[in-house]
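Student: Hi! Could we go through the charges in this model together?
Tutor: Gladly, let's have it on screen.

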Amino acid sequence: MIKKFVNRHMCGVFIAPACLVTVLLLAYPICISIFYSFTNKSLLGKPLKFVGLSNYQAVLSNPEFYQALWNTIVYTVISLSLQLLLGFLLALALNRITRFQGLFRTLILIPWAFPMIIVTFTWSYLLNDLYGIVNGKLLQWGLIARPIQFLADPRFAMITVSLVNVWFGVPLFAVNILASLQTIPKDLYEAAQIDGASALMRFRFITLPFVRVIAGLLIILRTIWIFNSFDLIFLMTGGGPGTSTVTVPIFAYRMGWTLYSLGRSSAVTILLLLFLAGACFLYFRILDRWEKEVSQ
Amino acid sequence: MKKRIAIILALAVSASALTAGCGNSKKPAEPVSTSGGAGEASGKSSEAAPSEGNRTGEESQEKAGDPMAAVTDDGTEKTITYWHTFTEGARKDYIDQMVADYMEAHPNVTVNVEVYPWNVFTQKWTAGLAAGALPDVSSVNPDNLFAIQQAGAVLPMNPLIDAVGEDYFLKKPLDNFTYDEVILGIPYYLHSYVMWYRKDVLKEKDLEVPKNWDELLAAVKAIADPPNQYGFTIAMSKNDQMCAQLLSCFAKAEGAALITEDNQGNLTDPKVVKALQLMADLYKAGSPEGSINYGLSEQNDVFFQGKSTFAFGSGFHINGVKQNSPELLDKIAAVPFMGPEGETLGDTAFVIGLMGWNQTEYPETVYDFIRFHFENERYIEFLHLIPGGQLPATTEVANSEEFFDNDTIRQFQDEIQYIQQGIEKGTFIGMDFGLTPAAAALTSQGIIEECLQDMVLNNTPAEEAAKKANEKLNAAIQILME
Amino acid sequence: MKKGLIASYLILIIASIFAAGPLLIVICASFKGQYEIVSNTASLLPKVFSLYWYRDLLEKTDFLIYVRNSLCYSLLSTILGMVISSLAAYAITRLGGKKQKQLTRVIVMTYMFPPILLAIPYFILVSNLGLANSLPGLLLAYMSFTVPFCTYLLVSYFRTVPVEIEDAARIDGLTRPGVFLHIALPLVAPGLVATGIFAFINAWNEFLYSLLIISSGSRQTVSVGLYSIKGGMETLQWGDMMAASVLVVIPSILFFSLIQKRIAGGLTAGADR
């Protein structure tokens, strides 16, 4: 009886646990956040009351929110574009070489073995102004006269945290793009060469179309991940100096966790979700077009 | 197929919405009733968790000499959870041993110990409050304690004080933990902030110990010789609260409060603005440039490594220097913080306390276990783990010879005296007019730190930066108090 | 042709220096002595080779217990996540066409919630289910990132299994779940391994949920343990952190070097969607 049911409705039965998990772990927080965002929900035991849109109003009229949103975008764009570019470059190089491929692949993967807390700790140590080895060596070689304030100078802080993020994220791009490079049939290149296509043209018309679908998917996953990432910046600068590295998750954290105001922080979450959903929608449209081109 | 998935989805959504609903309808009700109870002091506490055991405890308490231990040892199995923040070796081992001793003395009680570093404590408590799952006993700092009280989760300590007598603990620290006659927690160890300095560096430059702000600034200017020697390290990371605490030290010394009696930010007070200006000047004159991004441990490191002449800190600095640069131990000394003209009108005290959760099943065991922390020999052993850093909260130990019978404490007799005076005169940051939730806005939001960063990075005039910070502070206070 | 090859090696060598350099510095620093670690920072190599910090770490903290806990939780979460996701991914693949695309996108969307803001609702949920401070509670929270991620990757692996093979197997008398178990799963084994590794690493590095949900000290994870070492004291414990970093990172890298072929090879399947 059960066997028959499973046999007939296999898809439904198989999907059910995943749906349950997704719905429980996703619908629940979304529903509760939407609900809280219209209330004065606080952890300090105040009577719950509806406050309409005033949480949204308070967030949207706070100039710091826009600063945080802008910082998040800058952080995401710098991190993502460099990760993609360097990852692509490394993948091409790895695909090209004939010896030591395994060795280089392992070496390039190293940053990925670092838990985030060790990433931030290690880089804070390396870049420290008083006893960091980076400043130490630069001073020793006479390249700089005073230590560079990587994390304390508002001009450098955002670049520094972005680059640390790039360091951490490049391996993922490199390995995935390498994998997709390896699926390109070699005879395509040979045929193109016989037809007299230049290296640039071969890249443009053979390599790129093959790689960009997987790259597109990676970009979506990483955009979301970077946009939402909290620990890297929080552990390295806490949003400072000034407001130069305050991102939306840090902004929301200060509301929700330290002011005990779930209502306010839920409103930030919902706004962030709307923004991300919009970005993903755009990505999906582009991805659709690319997929169509590939299948043609 | 599509339909079926839709049905499953709909079911699951409604189920989760239901759980969400339950969570909501239940949550606000509990804290309201319990915070009401907290207002009415002692006896109420056990009503939060009625059980046979503690009822009899309430009754026998008035007659029997040691009701708590009696109830605790009534033979029934009891399990309590204990969170503490003493993560490092010696103190962690000490607590483990103490808990083992307690369980040996009370075989029917099991204490589950869980250790967290300070920096994640707020997160643990916030989540715990949200879900209504907290430890029976916990170590706590003043701002967290008060937030927990606001959330209606604090077990009043009045019955414990009634049992041990009012004089058992030093009066002032206990007063600092009292709100509307409810004793929210028991101070475990005390300290207050003093200004540490390097005797040898001052001597080398032929300088006196500064007696007012002008002298301090002049000394810092004369000494600063980066990267070999810095003047006064001022840590401004928004993840920490070092600027807020230091500002509080300077402001209290000149008699200004950071939060007014009616819970408004007071950063625009000319005295506070002047203190902010001093801190910005001190930073520019001789703090490591990168200290904008320093927190407590980085700031301490500079002093412990012998690279900062002045430092702000408690008696913990003695231990820090001893561990990192033992050769410097003879060269450090401390004085109380002073105002612009050398006045010392107030101090910033800090207390690590012990608290109970009012939903605990075994309040008597909680009281008994907390009292167990303070048994003389054991307590002195604990205080001596960080000599000079942890000062006694019980009257007997504070006046005992055993406590002062320690080489380090003897060596830093004067400093410890200053710190004790600070505890006597002092209040917590932002709580000049008694416990208030508004104080949390000073320390958790990085507002003061951001204000100083603004002053030193953008050369924003002190008045303007203070005005901006005050607005932010008031906005945060409003969220906390509304 | 030759020029491109040399350039490739050059790029890889530079990249390897950047990737491995910080690790090298940390390893060197971890062998510096008690005082040298903060005083002798300009030179890479320790003046005196010392195991002080390793001893300090292993004696003073329960580091090895944290490692064991993390291994245990991560493995369980990987296995559970893989079971749920491989079932779902297979079903989604068999739905085919537009539905498949839409469902995979819905899965991507589930990533959008920032974990820092999910943590409180999850903790409330887990507590209401009575699972606070329990392994099932933690596993439930871990499923929130394991299931979407694995399902997403596995869909592209299952797509490489030709439907014709399955049809043939069914004619031979296998039930549909039988086909999944005996035909489809073995065919995507490399993909399962690669996905499992991703899931494992995500769980291994996770911090916030394990901090909130598992509260008992002796059951803490490595990430939370590292945080305690870093933030627990009045001074920076550079040495302990260095030693701990080495002990956490090196095994992962050895593991990578063993399976790096799998990672790259396995992901190839993901590319041709």
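Student: Where does B:Glu341 sit?
Tutor: B:Glu341 is in the loop between β11 (332-335) and β12 (349-357) of chain B; strands (E, at least two residues) and helices (H or I, at least four) are DSSP runs numbered from the N terminus. Before we go on, this is a predicted model, where local features need pLDDT of at least 70, side-chain atom pairs count only at pLDDT 80 or more, and totals for chains, interfaces and linings use all residues. Residues are numbered from 1 along each chain as its sequence is written, chains are lettered from A and ligands numbered from 1 in the order in which they are written, and side-chain values use heavy atoms, leaving out hydrogens and water.

Student: Buried or exposed, that B:Glu341?
Tutor: B:Glu341 counts as exposed, at 65% relative accessibility. Buried means under 20% relative accessible area, exposed over 50%, and partly exposed in between (1.4 Å probe, protein chains only).

Student: Which residues form the negative surface patch?
Tutor: B:Glu341 does, together with B:Asp206, B:Glu208, B:Asp214 and B:Glu215. Patch residues have over 30% relative accessible area and no salt bridge, with like charges joined within 9 Å.

Student: And what gathers in the patch of positive charge?
Tutor: That surface patch brings together A:Arg285, A:Arg289, A:Lys292 and C:Lys98. Helix α13 (residues 262-295) of chain A gives the largest share, three residues. A:Arg289 is found in that helix and is exposed at 59%.

Student: Switching to salt bridges, how many are there over all chains?
Tutor: The whole structure has 20, each a side-chain nitrogen of Lys or Arg within 4 Å of a carboxyl oxygen of Asp or Glu.

Student: What does C:Arg105 form a salt bridge with?
Tutor: Its partner is A:Asp288, with the closest N and O atoms 3.2 Å apart. C:Arg105 lies in helix α5 (residues 97-109) of chain C and A:Asp288 in helix α13 of chain A, so this pair joins two chains. C:Arg105 is buried at 15%, while A:Asp288 is partly exposed at 21%.

Student: How about B:Asp432, what is its partner?
Tutor: B:Asp432 pairs with B:Lys252, the closest N and O atoms being 4.0 Å apart. B:Asp432 is in the loop between α21 (413-425) and α22 (439-444) and B:Lys252 in helix α12 (residues 242-253), both of chain B, so the bridge ties together parts 180 residues apart in sequence.

Student: Which residues do shared partners join into one network?
Tutor: A:Glu64, B:Lys238, B:Glu450 and B:Lys472 are linked that way by salt bridges.

Note on methods:
Patches are made of residues with over 30% relative accessible area and no salt bridge: like charges are joined within 9 Å, nonpolar side chains (Val, Leu, Ile, Met, Phe, Trp, Tyr) within 5 Å. Accessible areas come from the Shrake-Rupley method with a 1.4 Å probe; for residues, only the protein chains shown count as cover. Lys and Arg count as positive and Asp and Glu as negative; His and the chain ends are not counted. The place of a charge is taken as NZ of Lys, CZ of Arg, CG of Asp or CD of Glu.
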